[in-house]
Amino acid sequence: MLTTNQIIFSVMLSLYTLSALCALVFYRKQRLANIVPNILSGTGALCGIWLSLTQLIGLQPEQVALIRWISSIPNVTVNLSLDKLSAFFLFILSVVNVGAALYSIGYLTHYYNRRNIGLFNFCFNIFNITMIGVITASHMIFFFIAWELMSLFSYFLVVFEADSSENQRAGTIYLIMTHLAAAFLMIAFILIHQFTNSWQIGGSLQDLPPLIKNLLFACFLIGFGTKAGIIPLHIWLPYAHPAAPSNVSALMSGVMIKIAIYGMIRFIMEALGSGFQWWGMVILIIGIITTVLGAAYSFMENNIKRLLAYCSIENIGIILTGFGAACWSYAANYPVLGALALLACLIHIFNHAIIKGILFFGAGAIYNATHTKDMESLGGLVKSMPFLGVFMLVASLAIAAIPPLNGFVGEWLIYQSLFASLEVAPLGLKVVIMLAVAGLAIGSALAAASFIKMFGISFLGLPRSTRAKEAKDPSFTIILSMGLFALLSLGVGIFPGVLVRLLDGVVYNLSGITISGELQGDSFLLYYPLTIGKNSLAPLAVLIGGCFITGMVFLAVKLLGGSTRQRKYITWDCGFTGLTSRMQYTATGFSKPLRIIFRIIYRPSRELKVEEGVSPYFHKAMKYVVTTQPVFEQFLYRPLVKGLVDFAKVVKMKVQTGSVHTYLVYIFVTILILFVYFAAS
Amino acid sequence: MNYLASFGLQILVMVALAPLVNGIIKKVKAFSQKRKGPPLLQLYYDLWKLFKKDTVVSETTSWIFRITPYIVAGAVVLAALLVPVNLNLPSFHFAGDVILVIYLLGMARFFMVLSGLDSGSTFGGMGSSREVMISVLLEPSLLISMFTIGLIAGSTSVYSMMISSAGTGFLLFQPVYLLLFLAVFIILIAETSRIPVDDPATHLELTMVHEAMILEYSGKHLALMEWAACIKQLIFITLLANIFLPLESFLAFASPNSTLMSSLLLYLAKVIFIAVLVAVTEISTVKLRLFSVPNLAALSFILAFLGFFQYLLVGR
Amino acid sequence: MIENYLHLLSITILITAFMLVANKRVNEYIKTFQLQSLLLAIIAGILGVHHVSQTGDWEILLVAVITVAVKVVYIPYLLRTTVRKVEYKVEKDFFWNIPISILICCGLVLLSYFTITNIEDISDRFVKIFLINSTAVVLIGLFFMISRKKAIGQIIGFLVIENGLFTAAILSTNGMPMIVELGIFFDLLTAVLIMGILVFRINESFESIDIDKLKNLRG
């Protein structure tokens, strides 16, 4: 007998599958191949929202089995189930997918006659299905297969525009890094199986010997961390996001890298029971480093999508800061504190998915309209693309954690959880946590700076190219998808209590503590206070107060000033004639002060090429190039790769000689050793 | 009703007093240069005149340029509401804590910087770029100082911090408070574009930060921006005055049944004291090169961090 | 109560050490050193007065007076004359830029904190703090010597190390025996005198007091 959940889940899966099939069927008709699959997958996503909400609100038992199919081949089983944690990630996936489906209808039109839309939608939907598989898997082998398929299909999507060698390189780096991650995960799973003799996810691993637990922790941290993009394992991210189409970027940045965090919560926190106190500390330190460096690199980028990619890294850092605090608190036996930090981390995951959705959608729309991702040739877009401008402004404000949008609520909770841990932590950790506070502060200031740069340079001022001048607002579905997310962002920012209520069950399942009692978020008309200890935040009151005060200011100005005229005139140009767009501050110039101050992490180099004319005083042309070095690639990966290649060369010369006899000797010796081994044992 | 009256009073004090602080600082500076200086209320006259004037708006700008003054003023006044001038009145502290104050000021800065970029002039971009740099450098030390005081008070709410330090005597003799006071004072100097960091009195592209950003504004818009800058300055001064100089116990000693009026007068005295301190700093230092500002920021960071550290050692 | 003020002063001594690292000009080094020594003298003075009132013991007060005479007045005077005689040029005097140096010094404070807290025999909380702060001053002095190129920097660094040691001694043990103190003062004076002469020599031979130039002496 099927339960309602199973029916909805099956409907959702079949809608996604149908959508993928439709895409293949309408292979040759690109309009149909665009619209039909997207409508289907959008409906599937709505089913997903329904399913996950019923699970999150708590009408369902703790864990529901969805699909259970055991084949006769040992260990090949499909075992899908949905508990509250999975439901939350399914919720994020579905919400982002609703937007992505809407957005794709408009966005994919620009691939018409250039690329095969059917193929794209096929990969896109399979990618979605694999992500659902990872989230709901309760069997490690199935988890691993789904994980690998997820990586593979996201790789196909990243290299969708494969004509440029740059994109191909991006895909290759992504593939290598993601397989490095998979290797570590495989080691971890095999280790678990060795010790527990079960492939089941969700069993407690707390009785393992400490050494094995530590080993597992390291494997999971590296394995999931690479996918999440922690520094220094982040190098694939800034390449993959600019290469991928924007709807894919939104999904990858909004959901896929969060699935890595899901893995961490599932295995490190739930299965390993947060282990030892130093685990939390390590995660916290990684979180700080990732936050600060991610934000710092994002400020230096002039390519919009790369800027967004680094910003994702920064937000992963913020999320990990919360997660680290949670892990430490559980290990040190402060469950309430742990629950708070975990809640903050989960809320930030949701917020970031939404905001990153808008930003990547917007970046894609800009690219469609102007055919460039380089801010240096944009400018003035707020006039030519007014709707896009508004939504991008909202998203920029949200990600810079400006109240009363949702980014602020997430960061506020993380600050509060750090503050609460400061009161109980041992002395050494206190210093680390205070540094985390400083790191968060500088990270969010840098994020604000990056988005001021992104918005200020590409949307304000004078257009720096004719394409930017002639850009038009994108089609209706794109605007609609961004608008929906912007509303959601504002809604969560004003009523965070709703999200807290939803997440209460998730946290309760993981820690046995309900946190909504601590966060007294009662929604009556005026206030929505989130209270922790004595600290409170009432977003709605802030919003109403802000609107009221701004209105009063407006009125006061009108009353004080009386009737005055507003005159339009050119910007002051120091008395010269005419200010052109080439005289504006550039993106490179905007970030220059910090590039000079933090030269130790950017390692910038400047180059001035002068082409001399007749007289040395009148140059024909001057070229000024500023570059920053990707430090980690330069000093970590290059030597590593070089060492590997050298080693391979040695192997090629010494071991793989090419003579058949040598190979036969190898085989012979191996067999002999095996015989001896069995004889001895 | 009680609440509304006290919010009204709070806003009134902050908004009305803010330009006066600038007048005091200017007077002290003039005094040191053996000048008479502008009248104490000069800024009020200036603002009044500006409100009456027509505005000129650049053609290159968008709607962001026009809404910025209102948003900046709104955000700053809202932040001012969260920093109580008087602890006996009911306060707005349930709506948010010091983190909200910092991020509201961040919101004001966000829009101000955007408006600098919106005009398309090089001055605006330059000011914006520098403002962003300074804010990035100072944010960590501000949060560390506030969190340390919060730890002592057991809460991040500004009101609780002030209440907690009001219970004690003259705090500056305690190392933790002295260190944090110095750290926040440096932030005050830098955030309000005072001399070692920025020069409010000059219009030279080499030196200006804040003035460059608002260069394109005129008339009402300019008046709002200037006023908002004053209020922001008063917010920082109030933080310093009410957290680090809690003279309430002295007041209680001097006149046991102190009225609202006398405590407001005390507040005024503290504000004047800090304003004079700011003026003295301006007189006795020279404008730093832009790339020496990180040194100052590092000093502020170190002071805040040492303050936190001493708190760890001694507890208070 | 008196501990509280001593704590405050020891912190301010630490801050002056930081100010020293943040300074760029040789004249400022000397001024900062003077300030630091003055604070040291105040500490000695407070302790001295305290002791006189408690036990009638004059020694520490005497030390305070000598400190003022030697470290606040005479040594800065000596250094100033040295600087004036050596032709002084404004040039970049440090290896790392200032924010980085300051952050390194912050790390040094943390290090001394974690080391001192590991010593279990110190029971008095304040003594612990004093030791941490003054050890940090010693370390910062050493770091200062390393980070500055000019010979004057080395002298000042040396003096700051001595100040740190002196603070540690006077705050945690109520002062060393008088004869030791006097010995140290004489040591210090001779050291500064000899180093001053060395600076002249270096300046004469290399026309600069950048001690990087001493590398040329390696045969």
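## Domains of chain A

Chain A splits into four pieces: domain 1 (1-201), domain 2 (273-515), domain 3 (585-631) and domain 4 (632-680), with bounds that come from an automatic or database domain assignment. This is a predicted model, in which local features need pLDDT of at least 70 and side-chain atom pairs count only at pLDDT 80 or more, while totals for chains, interfaces and linings use all residues. Residues are numbered from 1 along each chain as its sequence is written, and chains are lettered from A, with ligands numbered from 1, in the order in which they are written.

Take domains 2 and 3 of chain A: their centres, over C-alpha atoms, are 31 Å apart. Nine residues of domain 2 touch 11 residues of domain 3, a contact being two residues whose C-beta atoms, placed from the backbone, lie within 7 Å. On the domain 2 side, the elements giving two or more residues are helix 10 (277-300) and helix 16 of chain A.

## Chain B on its own

Chain B is built from 12 helices and one strand, and along the sequence the order reads α-α-β-α-α-α-α-α-α-α-α-α-α. Its radius of gyration is 19 Å, close to the 20 Å from the globule rule for 316 residues, so chain B is as compact as a globular protein of that length. (The radius is taken over C-alpha atoms, and the rule is 2.2 Å times the number of residues to the power 0.38.)

The C-alpha trace of chain B spans about 60 × 45 × 45 Å along its principal axes. Of its 316 residues, 63% count as buried, meaning 20 or more other C-beta atoms within 10 Å of their own; 12 or fewer makes a residue exposed, and anything in between partly exposed, with C-beta atoms placed from the backbone. Among the chain B contacts with a separation of 6 or more, 79% link residues 24 or more positions apart.

## Where A meets B

Between these two chains, 70 residues of chain A are in contact with 69 residues of chain B. Helix 16 of chain A gives the largest share of the chain A side, 15 residues. That side divides into 47 nonpolar, 15 polar and eight charged residues.

Strands join in too: strand 5 of chain A runs parallel to strand 1 (residues 55-58) of chain B, with four bridges between them. Two strands count as paired if DSSP finds at least two bridges. A:Tyr569 sits opposite B:Ser58 in this strand of chain B.

## A look at B:Lys52

B:Lys52 belongs to helix 2 (residues 42-52) of chain B. With 14 other C-beta atoms within 10 Å, B:Lys52 is partly exposed. Setting aside neighbours within four places in sequence, B:Lys52 is in contact with A:Gly561 and A:Gly562. The C-alpha atom of B:Lys52 is 33 Å from that of B:Leu239, 187 residues apart along the chain.

## Confidence

The model scores ipTM 0.95 and pTM 0.91. Chain C averages a pLDDT of 82, and 89% of its residues score at least 70; pLDDT is the predictor's confidence in each residue, from 0 to 100.

How values were computed. Ala, Val, Leu, Ile, Met, Phe, Trp, Tyr, Cys and Pro count as nonpolar, Asp, Glu, Lys and Arg as charged, and the others, Gly among them, as polar.
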